[in-house]
Amino acid sequence: MSVETQTRNDPHVGYIPDKMQAAVYYGRNDVRLETVEVPRIGAGELLVRVHTCGICGTDLKKIATGSHSAPRIFGHETAGVIIATGEGVTDWRAGDRVVVFHHIPCRECYYCQCKTYAQCETYKKVGVTAGYEPSGGGFSEYVRVMDWIVRDGGVIRIPDGVSFEQASYLEPANTCIKAIDTLAPKAGETVLVIGQGPIGLILARLAQRSGADVITSDLFPQRLTISESYGLSRTIDASRFNTVERIRELTDGRGADAVVLAVAGNALIRPAMDAARPGGRIMLFAQTQRSEVNIDAAAICVDEKTLLGSYSASVDRNDDAVQFVMGRQMDLERLYSHHFPLERAVEALNLAATPQPETMKIAIQPGAKWEG
């Protein structure tokens with residue numbers, strides 16, 4: 001029996017349709033709900049029925065800038081159920097609940113040997129697709145998971161009792177763990193986290209986990225209220241106070257030992273550097289668009305501040321990320337402020353691109369119609 005016939009007709013894996021719905025990207029700010037072919041899998045691959053896919057800021061950036069060729073189907077924070085397995089797959093079976101990583105490094109190249117996995121050429125090659133050029137594909141009903149993702153640790157089992165919504169945070173949590181590990185906050189240090197969207201909130205909780213005294217800031221008081229509900233009680237309302245002046249008041253005039261900038265764009269880079277004490281560290285987490293920015297070079301040389309960056313996930317942090325997410329060390333599913341069925345995916349993306357003060361993470365849930 002061929003793989004194609006097996007995946008489509010084998011009664012042990014259930015019925016798989018020929019067509020499915022997907023949110024298809026056609027260019028700058030142009031995403032359309034369409035009917036497309038269900039992807040066909042090959043040897044060593046998996047077909048996963050998507051339940052929940054979180055909307056990531058990088059998805060929104062690609063759509064807003066029209067930076068990628070079209071058509072494509074985005075979405076990479078994907079949790080769902082295996083529906084079919086390709087020839088040679090022995091570790092997975094239909095019915096397994098899983099989270100899927102779309103990037104997995106080769107572990108052999110120069111950058112992998114340096115543990116800079118996000119720069120590995122294999123890592124940059126997307127290994128999950130709903131059709132067209134591989135781009136994640138989670139904004140659809142089914143995704144094909146390619147063989148090296150399956151073989152090299154890119155599929156993670158969801159334990160019983162853990163929801164798809166909670167599990168879908170595995171990749172973003174990994175990126176946050178990597179950033180905080182790079183920042184290396186110590187017990188007793190003061191860490192300022194600028195921006196309390198869902199990612200900023202996760203970063204703040206992880207910094208707090210290290211024993212640091214965490215202070216958060218945001219322009220929206222509503223988000224600081226959410227932060228407080230997660231035990232982040234020291235906050236700066238940036239709509240009322242100057243964050244740099246306030247953090248210095250709270251640290252005997254020095255500034256924070258470490259600052260995390262969890263807001264996209266360049267306007268807050270200088271304030272983030274100013275908020276750090278001499279000898280302090282500044283982590284840029286959300287500056288993913290290439291551009292030039294003016295900085296005070298003497299802050300790095302004379303004031304001995306260290307400017308750091310962190311991008312994407314690391315396979316070395318997978319075990320910690322699994323414990324953090326699947327062990328419910330943080331109630332992540334509560335960070336979803338909105339849940340949209342796939343039929344309203346375009347509406348979901350538009351809301352995520354123009355968030356309101358109460359908007360946090362947004363989920364597109366093809367599984368809303370099949371998981372009671």
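**Entry 1: the sheet**

Before counting pairs I noted the rule: two strands pair if DSSP finds at least two bridges between them. I also noted that this model is predicted.

I looked up S13 and S14 first. Strand S13 covers residues 276-284, and it pairs with S14 in the parallel sense over four bridges. Within this pairing, isoleucine 282 stands opposite leucine 307 of S14.

Next I asked: in what order do the six strands of the open sheet run? The order is S11-S10-S9-S12-S13-S14, with parallel pairing. Strand S11 (235-237) and strand S14 (306-309) are the edges, and each pairs on one side only. From one strand to the next, the twist averages 20°.

Then I checked what packs on the sheet. Helix H8, residues 198-209, does. It touches strand S9 (190-194), strand S10 (213-218) and strand S12 (256-261). The direction of H8 makes about 165° with that of S10.

**Entry 2: a nonpolar patch**

Val293, Ile295, Ile300 and Leu307 make a nonpolar surface patch of about 270 Å². I picked out isoleucine 295, which sits in the loop between S13 and helix H12 (297-301).

**Entry 3: salt bridges**

I found a count of 21 salt bridges. I looked at a few of them.

- Aspartate 30 bridges to arginine 32, with the closest N and O atoms 2.8 Å apart. Aspartate 30 is partly exposed at 23% relative accessible area. Arginine 32 is partly exposed too, at 38%.
- Lysine 124 meets glutamate 121 in a salt bridge of 3.6 Å, N to O. Both lie in helix H4 (residues 121-124), and they are about one helical turn apart because three residues separate them. Lysine 124 is partly exposed, at 43%. Glutamate 121 reaches 58% relative accessibility, so it counts as exposed.
- Aspartate 274 and arginine 270 meet in a salt bridge of 3.2 Å, N to O. Both belong to helix H11 (residues 269-275), four residues apart, or about one turn of the helix. Aspartate 274 is partly exposed, with 25% relative accessible area. Arginine 270 is partly exposed as well, with 39%.

I also noted a network of salt bridges. It links Arg328, Asp331, Glu333 and Arg334.

I reminded myself of the background here. Most residues other than glycine have a negative phi, and most peptide bonds are trans.

Which two residues does a cis peptide bond join? They are alanine 70 and proline 71, with omega about 0°. Proline 71 is in the loop between helix H2 (57-65) and strand S4 (77-85).

I then looked up positive phi values. Arginine 107 has a phi near 70°, though it is not a glycine. I located arginine 107 in the loop between strand S5 (97-100) and helix H3 (110-113). Its relative accessible area is 37%, so arginine 107 is partly exposed.

Lysine 115 is another residue of this kind: its phi is positive, about 65°, and it is not a glycine. Where is lysine 115 placed? It is in the loop between H3 and H4. Lysine 115 is exposed, because its relative accessible area is 53% and exposed means over 50%.

Notes: Residues are numbered from 1 along each chain as its sequence is written. This is a predicted model: local features need pLDDT of at least 70, side-chain atom pairs count only at pLDDT 80 or more; totals for chains, interfaces and linings use all residues. Side-chain values use heavy atoms; hydrogens and water are left out. Helices (H or I, at least four residues) and strands (E, at least two) are DSSP runs, numbered from the N terminus. Axes are lines fitted to C-alpha atoms, for helices over the stretch in contact, and angles run from 0 to 180 degrees between N-to-C directions. Contact means heavy atoms within 4.5 Å. Patches are made of residues with over 30% relative accessible area and no salt bridge: like charges are joined within 9 Å, nonpolar side chains (Val, Leu, Ile, Met, Phe, Trp, Tyr) within 5 Å. Accessible areas come from the Shrake-Rupley method with a 1.4 Å probe; for residues, only the protein chains shown count as cover. A salt bridge is a side-chain nitrogen of Lys or Arg within 4 Å of a carboxyl oxygen of Asp or Glu. Buried means under 20% relative accessible area, exposed over 50%, partly exposed in between (1.4 Å probe, protein chains only).
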